[in-house]
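Here is a friendly briefing to read with the structure open beside you. Take your time and look up each residue as it comes along.

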Amino acid sequence: MLKIGKYNTLKVSREVDFGYYLTTDDGREILLPRKYMPEDKGVGDEIEVFVYTDSEDRLIATTEVPYATVGEFAYLQVSDVNSAGAFLDWGISGKDLLVPYSQQKSRMKQGGIYLVYVYLDDVSKRVVATAKIEHYVGNTIPEYRPGQKVSALIVEHTPIGYRAIVDNSHWGMIYDNEIFQPLEIESTVSAFVKSVREDYKIDLTLSDKAVKRVGDLSERILEAIDAADGELRITDASTPDEIREVFHCSKKDFKKAVGHLYKEQKILLGEGIITRAK
């Protein structure tokens, strides 16, 4: 099925003076202008292209790479403003991305850079963008494991850290006290999941070392519970020396590991005791 505003792998069906026609599964033909045809491809070959509609609503293919595809967030610059709305530089020659006035939080200005979400309008079947991004973040339950690598678009600095959009789907937070490298608004970085909170927002870290350390410690705590016949007398109320003697870790890491196991419903916490959850 053809995906407008995304990448498609299509077969080159015929050559004309101004380019090549690519064929979809349902028999539609889409023009790929000649200048975008790779030198090592020809009629009969399959090629990966980005598909969009031109100003006359005709389907066009290109091998250029847009700054964002349907379903993605991006910071884009306004190249023009007219009666229809603001037009953003999309990274495609001769094609800007429209943000209708109804999809602007405040009037966009030429030269300004704005965070937008790219989507396919159901009525016009055109790819457009919206600055009302809140409608498109956090609509699904995040299913991540601690330590899982994700992509994070940095969107805002708050009193506690940097707010980010995770994998174009969820809200995440990178805390100031865990940042040891410069971060810039509008940048996209690789991050690692520390935990998924009860409000479905995600705590992130820029290094997976701490996450791995807590994961390894969690396994050792479970092994210690089993070795103690299911009842461990070392808890987060124990002294740092007691914890260090048994688990060779800090009390801070021990509490993180215990909290992770409790959230995963693998242990039960009692007065001065930790037991396996049944």
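In helix α3, the buried residues are Asp253, Phe254, Ala257, Val258 and Leu261, where buried means under 20% relative accessible area, exposed over 50% and partly exposed in between (1.4 Å probe, protein chains only). Seen down the axis of α3, these buried residues fall within an arc of 135 degrees, so they line one face of the helix; the arc is that of the directions from the helix axis to the C-beta atoms. This is a predicted model, in which local features need pLDDT of at least 70 and side-chain atom pairs count only at pLDDT 80 or more, while totals for chains, interfaces and linings use all residues. Residues are numbered from 1 along each chain as its sequence is written, and side-chain values use heavy atoms, with hydrogens and water left out.

**More on helix α3**

- Helices (H or I, at least four residues) and strands (E, at least two) are DSSP runs, numbered from the N terminus.
- The 13 residues of α3 (residues 251-263) should span 18 Å at 1.5 Å a residue, and the end C-alpha atoms are 18 Å apart, which agrees; the expected span is 1.5 Å times one less than the number of residues.
- An α-helix has 3.6 residues a turn, so residues three or four places apart point the same way.
- After α3 comes Gln265, whose phi is positive, near 60 degrees.

**Lys95, a buried charge**

- Lys95 belongs to strand β8 (residues 95-100).
- Lys95 is buried yet has no salt bridge, meaning a side-chain nitrogen of Lys or Arg within 4 Å of a carboxyl oxygen of Asp or Glu.
- For Lys95, the nearest side chain of opposite charge is Asp54, 6.9 Å away (Lys and Arg count as positive and Asp and Glu as negative; His and the chain ends are not counted).
- The side chain of Lys95 does reach the backbone oxygen of Thr53, at 3.1 Å.

**Salt bridges**

- The whole structure holds 14 salt bridges.
- Arg34 and Glu15 form one, at 3.0 Å from N to O.
- This pair links distant parts of the chain, with Arg34 in the loop between β3 (29-33) and β4 (46-53) and Glu15 in strand β1 (residues 7-16), 19 residues apart.
- Asp54 and Arg58 also meet in a salt bridge, at 2.8 Å from N to O; Asp54 counts as buried at 13% relative accessibility, whereas Arg58 is partly exposed at 47%.
- Glu156 pairs with Arg163 at 3.5 Å, N to O.
- Elsewhere, salt bridges that share partners join Asp54, Glu56 and Arg58 into one network.

Conventions: Polar contact = N/O pair within 3.5 Å; in protein donor to acceptor, adjacent residues only side chain to side chain.
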